[in-house]
Amino acid sequence: MSAASAEPGTDRARNREQRVRAWLRVIARTVYVPRAAEEISAFLNTQLDVLNAAISAPELDPDVGAAVGAALVDFGLTGEDTLQHSVSLLVEEMLGVGASGDRVARLSAALSCGYSDALRRRTLAQQETMKLALLTAKQRADRDRRASENRFREVFDHAAIGIAITDPDGRVVQANPALAEIMACDAAELTGRALGDFIAAEEADQPPLVGLLDRRPDRRLVERANGETAWVYVATSVVREAGEPIYQVAMVQDLSEQELLQGRLNHQLLHDSLTGLANRVHFLSRLETAHGQCSPADTLTLLCLDLDAFGLLNRTHGHDVGDRMLRVAAERLKRVFADEDAVVARVGGDEFAVLVRDQPETPDLAALAAAVQSELGEPIYHGAAGIAVGATIGVVRAGPGRLSSVELFRAAESALRRARAVGPRQWAEHDDRLDKRDRVVGQAATALPGAWETGELAVAYVPVARLSDQRVIRARALPHAPGVRRMTGMPSVPELAEMTGLSAALGPWLLDDAGSRLPVWWRLFAPVVGADRPVHRVLLTALQSADEDLAARVNATVAASGLPPGLLEIGLDTAAVLGGRGDAQDNLRTLSDIGVATALHGFAGTPREIAAVERFGVRSVLLADPFDGWRPDWLPAGSVPVAAVRDVVARLAGMGVEVGVLGVRDAAEARWWADAGAATGEGPAFGEPAGFDDVVAAAK
């Protein structure tokens, strides 16, 4: 190919590229096409080729121009000025390749028509699509609306909660069946009425039931159409349009069942389920209220009582009969106090309490107690058997200035304990002096476990003297609280420990201590009494005497000392042994068998006790106070008590039993007991409880 022929082709290619670029600029100015520039350029080149081929063809086909116009629309070249500038550029292109003006005009017109027709068709298609979408959306909205209305209607008609739609003034426009049932009328009867019309008279001063503001849920009392009242729970809300209220929705929940259940629960909380009487909590509350309402001149009477032999009744006839007896007792107590301003309560298993606000005609305490006893004493019949129970009664009558409500109840219970100590069917009035003593004893007894835990209790030792020459021959170990001030008539530490059961722990403690002290006492006292006589004494309480591990602990004590068991004297409680309490009898027999010097303390000298001394091989006895606190050396020598004591001591001595005495006051009393035949004594005459070193120093 010559250079002359190649140059025109190169110029045409350059011109084509320039026109495509120009067309791209036109498109960029007039429309946004989300395609790459290379893709647009290829499309434009293709359309130019189609147009050039059509313009050069022997027969001009206008449809080619229409097809190019449609292609421009399909490609997205549909800007506002895109067609105008594109046609101008294409005319220049076609004229540039030598096409006739007629052909160019016809082809440009066909292109414009094809463009317009394609654009019209696309617009129609888009409109159809939009119309279809709108129709579909409308149909869907209609379906959703109908479904929503159906759901609302279903909820509205079948809800368990009452629903009312009201106008802004609160008058019912529509009410569901549940609300009609709550208000005890037909739904149609509610239309046009205000819910506030149903508020009960006692609630009339409350805020309106339905107002124009959303309000917090409210608990209200309403009066039904049938005249009954019911508690309901009301919640209201306002529906607004353009900021203005158009209607209100009120939801009303019937609380009748909840109120009934709550009432039952409250009653169960404050009343005994078996008898229907007030329970302890409710009674104390009523007592506090009555006490606070009393004037200084008023008095209250409080009775605490329990049924006698109620446990025996349950064991014999069964708990069903026992429950029946409790119900009968409750009804009878209410009958006794029917004419009084009184509260009757069941405060325990078989324990009842009665609070009476005293009136001028209220009987005295003896008459009240007699009326209770008489009423409860009437039998009930179980089969052919007439069953009756009496009551043990504690009673107190006092004004608010004398006792607080708490003290009043405690005083009645204290009186009940004293009556119970006397026996069944007894009554006792509160005694300030005795109650004070009981409280002091109780405080001392209940403080001992804490003192034991903190190490405040110590083992103390009491000298035991031979009465014939008043020389100390052994020592008795006992628990001692050094910092506690002893009052006259106050129980000893072992007796206090027995009240709370602490003595079960103190027994092993005393025996463990004996193992380490026994060798010292033996070296100290053996020169006086002999090498095989007891030198260490431990007196056990009733609970300690019945301990099943006692024999094993004594064996361990003896083994720890390394000395013969006869040097240890163990005294068991006489009543526990004779009563067969726990392992007391077995313990006494076993201790005798292993060689321990056995003793009985609290010994009264009855024939049965003397027989037990012989049967169990007891080596010594410690007499209980036979003169009830009187000094024996002040009594006439020929008096019956003195003669009886001398006779018992003589008989025991004749059996080879050593007789000991506790609580010897002084040397004169010690000489009297020695003359009566007693062998040993302990008490103030020989020394008070002291520490180990002090007793050792005094004995030397």
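This is a predicted model: local features need pLDDT of at least 70, side-chain atom pairs count only at pLDDT 80 or more; totals for chains, interfaces and linings use all residues.
**Entry 1**

Residues are numbered from 1 along each chain as its sequence is written, and side-chain values use heavy atoms, with hydrogens and water left out.

I take helices (H or I, at least four residues) and strands (E, at least two) as DSSP runs, numbered from the N terminus. H10 covers residues 310-317 and H11 residues 319-336; they pack at about 140 degrees with their axes 7 Å apart. The axes are lines fitted to C-alpha atoms, for helices over the stretch in contact, and angles run from 0 to 180 degrees between N-to-C directions.

I listed the contact (heavy atoms within 4.5 Å). H10 supplies Phe 310, Leu 313, Asn 314 and His 317, while H11 supplies His 319, Val 321, Gly 322, Met 325 and Leu 326. By class I get five nonpolar, four polar and no charged residues. The nonpolar class is Ala, Val, Leu, Ile, Met, Phe, Trp, Tyr, Cys and Pro; the charged class is Asp, Glu, Lys and Arg; the others, Gly among them, are polar.

**Entry 2: helices H14 and H15**

I looked up a second pair, H14 (residues 432-453) and H15 (residues 493-500), and found an angle of about 80 degrees with the axes 8 Å apart. That angle makes H14 roughly perpendicular to H15. From H14 the contact takes Val 441, Ala 444, Ala 445, Thr 446, Leu 448 and Pro 449; from H15 it takes Val 493, Leu 496, Ala 497, Met 499 and Thr 500. I read its classes as nine nonpolar, two polar and no charged residues.

**Entry 3: the open sheet**

I traced an open sheet of five strands in the order S7-S8-S6-S11-S12, with mixed pairing. Strands pair here if DSSP finds at least two bridges between them. S7 (341-346) and S12 (427-429) stand at the edges with a single partner strand each, so one side of each has no neighbour in the sheet. Neighbouring strands are turned by 15 degrees against each other on average, direction ignored.

I then went through the pairs.
- S7 and S8 run antiparallel over six bridges, a hairpin of four residues joins them, and Ala 345 stands opposite Ala 353 in S8.
- S6 and S8 run antiparallel over seven bridges, with Leu 355 in S8 as the bridge partner of Leu 302.
- S11 (residues 391-398) and S12 run parallel over three bridges, and Val 395 stands opposite Glu 429 in S12.

For helix cover, I found H12 (residues 365-376) packed on the sheet, touching S6, S11 and S12, at about 155 degrees to the direction of S11. H9 (residues 280-293) lies across S6 (300-307), S7 and S8 (351-357), at about 20 degrees to S8. Five of the seven residues of S8 are buried, where buried is under 20% relative accessible area, exposed over 50% and partly exposed in between (1.4 Å probe, protein chains only).

**Entry 4: Arg 397**

I picked Arg 397, which is found in S11. It counts as partly exposed, at 23% relative accessibility. Thr 299 is 98 residues away from Arg 397 in sequence but 6.5 Å away in space, C-alpha to C-alpha. Beyond four places in sequence, the contacts of Arg 397 include Thr 299, Asp 358, Asp 364 and Arg 402.

I followed a closed barrel of eight strands, S13-S14-S15-S16-S17-S18-S19-S20, with mixed pairing. The twist averages 30 degrees from one strand to the next. S16 (residues 568-573) and S17 pair in the parallel sense over five bridges, and Leu 572 stands opposite Leu 600 in S17.

Which residues of H21 (residues 607-616) are buried? I find Glu 609, Ile 610, Ala 612, Val 613 and Phe 616. They cover an arc of only 155 degrees around the axis, which puts them on the same side of H21; the arc is taken from the directions from the helix axis to the C-beta atoms. On the other side, Pro 607, Arg 608, Glu 614 and Arg 615 are exposed. The cover over the buried residues of H21 includes S17 (597-603), S18 (620-623) and H22 (640-654). Gly 617 follows H21 with a positive phi, near 65 degrees.

Definitions and conventions:
Angles under 35 degrees count as roughly parallel, over 145 as roughly antiparallel, 65 to 115 as roughly perpendicular and the rest as oblique.
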